[in-house]
Amino acid sequence: GKPGPPAAGGRPAPLVATVLSRQESIAATIEALGTARANESVDVTAKNSNLVTAIHFRDGQVVKRGDLLVELDSAAVRADLAVAQAALTDSQSQFERSRELLAKQLVSKSQYGQLEAAMKGNEARLAAARARREDTVIRAPFSGRVGLRRVSVGSLVNPGTVITTLDDTSTIKLDFRIPENQLAGLRAGLTLPAQSPAFPTRSFEGKIATVDSRVDEATRSVTVRALLPNPDGVLKAGMFLTVQLEQDRRNAVIVPEEALVPETDKQYVFVVTDAVANKR
């Protein structure tokens with residue numbers, strides 16, 4: 001700046017540096033750390049103890065819903081299925097003959113009813129045998145990517161034994177917490193950017209899906225869930241991502257921070273008018 005006119009008492013006016021103020025659209029920013037989760041995720045296990053006889057997937061393979069993943073030993077259940085099918089066929093034949101004889105009054109209604117009950121019982125046993133047969137094949141419950149294979153052909157698996165994992169990461173669920181006093185303005189559908197330390201030059205854009213209905217009494221924070229499209233699969237379940245939310249966007253006058261003069265609970269600036277700085 002340039003020296004101003006002499007101040008009162010003949011002292012030279014101090015030199016000042018000035019800067020033009022400007023108007024900009026600004027918003028309060030909330031920054032939070034979230035954890036990425038798969039849209040759908042399961043541990044692939046068996047219902048019953050059995051031996052693995054065939055594996056139909058590779059580590060990291062993309063599979064579709066219903067694809068065959070693992071076959072278990074089915075010799076015993078196939079034998080039970082054949083017995084149940086034979087018993088049903090025989091009981092159906094006897095029931096059909098008894099229907100004809102009942103019309104000719106050669107069998108009693110009681111005998112007819114017993115044969116009908118036997119046939120329905122065999123139908124139920126056949127359905128149960130088919131269900132046990134289905135339990136010897138493990139299929140993908142939804143489309144996604146399998147993880148590492150953790151069993152081999154010949155392995156004995158028990159209920160709860162993890163054979164592999166299956167994750168649908170075409171969409172990522174991002175859960176993060178914010179303080180309850182910053183809930184204003186948060187709503188489903190609000191767009192937000194997210195960044196990952198693994199991809200520092202890339203921003204992942206998603207939308208808020210839901211805000212939890214409860215506030216944590218211990219932390220006084222609430223969980224927010226956002227959905228991020230992940231078509232190329234670069235985001236993995238368990239990754240940390242930073243999200244930034246904008247709130248209360250408005251037009252404001254912008255000045256450098258060093259131009260502010262704090263006094264008690266107020267902030268002042270010096271405004272230059274006709275080469276004279278006035279405090280406002």
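User: Is Ser74 buried or exposed?
Analyst: In this predicted model, Ser74 has a relative accessible area of 11%. Ser74 is therefore buried, since buried means under 20%.

User: Where does Ser74 lie?
Analyst: Ser74 belongs to the loop between strand S4 (68-72) and helix H1 (75-103).

User: And which residues does Ser74 touch, not counting those up to four places away in sequence?
Analyst: With those set aside, Ser74 touches Arg133 and Thr136.

User: Changing topic: how many bridges join strand S8 to strand S11?
Analyst: Nine bridges join S8 (residues 164-179) to S11 (residues 221-229), and the two strands run antiparallel. Within this pairing, Ile172 has Leu228 of S11 as its bridge partner.

User: What about S10 and S11, in which sense do they pair?
Analyst: Strand S10 (residues 199-211) pairs with S11 in the antiparallel sense, over four bridges. Leu227 in S11 is the bridge partner of Lys207.

User: Which residues have the most contacts inside the largest nonpolar core?
Analyst: They are Leu174, Phe176, Ile178, Leu228, Leu241 and Leu245, in a core of 22 residues. The elements giving two or more residues to this core are strand S1 (22-44), S8, strand S9 (191-196), S10, S11 and strand S12 (240-254). Apart from this core lies another, of 16 residues, including Leu69, Leu72, Ile138 and Ala140.

User: Back to Phe176: what is it in contact with, leaving aside neighbours within four places in sequence?
Analyst: The contacts of Phe176 on that basis are Ala32, Leu33, Gly34, Leu192, Val222, Thr223, Val224, Ala226, Val243 and Leu245.

Notes
Residues numbered from 1 in each chain as written. Predicted model: local features only at pLDDT ≥ 70, side-chain atom pairs only at ≥ 80, totals over all residues. Heavy atoms only, no water. Pairing = 2+ DSSP bridges. Core = buried A, V, L, I, M, F, W, Y, C linked by side-chain atoms within 4.5 Å. Buried < 20%, exposed > 50% of the residue type's maximum accessible area, 1.4 Å probe, protein only. Contact = heavy atoms within 4.5 Å.
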